[in-house]
Amino acid sequence: MTKKAPGKFERKGLTIIDLFRMFPDDEAAEKWFEDQRWPDGHKCCTDCGSMNYAVVANRRPMPYRCRDCRSYFSVKKGTVMQSSKIGLQKWLFAMYMMSTSLKGAASMKVYRELGITQKTAWFLTQRIREGFMKGTKSMVGPVEVDETYVGGKRGNMHASRRKKFEGRGTVGKTAVVGVKDRDSNTVTAKVVRNTDAETLQGFVVDNAEPDAMVYTDDAKAYKGLPNHETVSHSVGEYVREQAHTNGIESFWATMKRGYKGIYHKMSPKHLDRYVKEFAGRHNVRDADTLEQIAVLSGGLVGARLRYKDLIADNGLESGARAITV
């Protein structure tokens, strides 16, 4: 009997050696990105959509010219990679790191591995997270819904900040709500301003089919949902036949291990991107490695994130609970 490999042995993985052999330079990476964006081989203008274009010799970084609107374009244009001076090989390698690291890849690791500055690596990883932010289809159920709170312990705060968050439990932390479809094993999660009935039930309505069976804990905010069963965590009940929230709680556990062991801190300002990253990576974890990167590259199209917008002050302090990104 053949011994099975550890982990998801049925997946076709991709080693770092394989990656170097497949993408030895920017030209090979560019060809791969073009194949993902234009799989039929017919490139189209990113401004007007015309397929009437010409290849311009010795024209970098815009190698194509639209004959109709006369604009130049490349595979980067119209994506989150637009205007980036980072080579496409490094973009692809960073996407590999973020796709294959279950708990995420810190910008410190990315900068060391790719030979770029830490500031550049941080901006690069934040832009790649835009590719994880595409939502999933409405879930047919049964679904599990739960909320959690993300943030450092008040006891670990500096004394000057600790005074701002007097209280216990969730004070000073950011609320996140998530739903997991047991049938498809997909997760959708996002940062919310509060955990009242209007917010949580609205989240369920937005992400689950009307006739989907919904399982939650006994929080009052979920009371009144149709097709709804609860487990009473407050009295130590965690499983009652099919009623439990173990799946979504397992997702929270993975995200928080990434928070503590990889990132160490996720500011409320950027937390929603990290949450979407963990959900997006979870949703393709059964796919082959190259397919995971391909899905991520598709999410980069139509997205744009400028550095000035990323660091813009939105009036929220790290640790503030009220946050929407």
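Which residues in α3 meet which residues in α4? The structure is a predicted model, in which local features need pLDDT of at least 70 and side-chain atom pairs count only at pLDDT 80 or more, while totals for chains, interfaces and linings use all residues. Residues are numbered from 1 along each chain as its sequence is written, and side-chain values use heavy atoms, with hydrogens and water left out.

In the contact between these helices (heavy atoms within 4.5 Å), K90, F93, A94 and M97 of α3 meet K109, V110, E113 and L114 of α4. These residues divide into 5 nonpolar, no polar and 3 charged, where Ala, Val, Leu, Ile, Met, Phe, Trp, Tyr, Cys and Pro count as nonpolar, Asp, Glu, Lys and Arg as charged, and the others, Gly among them, as polar. Helix α3 (residues 88-100) and helix α4 (residues 107-114) pack at an angle of about 140°, with their axes 11 Å apart; axes are lines fitted to C-alpha atoms, for helices over the stretch in contact, and angles run from 0 to 180 degrees between N-to-C directions. Angles under 35 degrees count as roughly parallel, over 145 as roughly antiparallel, 65 to 115 as roughly perpendicular and the rest as oblique, so α3 is oblique to α4.

Helix α2 (residues 26-37) packs with α3 at an angle of about 65°, their axes being 7 Å apart, and the two are therefore roughly perpendicular to each other. This contact of α2 with α3 has 7 nonpolar, 1 polar and 3 charged residues. Helices (H or I, at least four residues) and strands (E, at least two) are DSSP runs, numbered from the N terminus.
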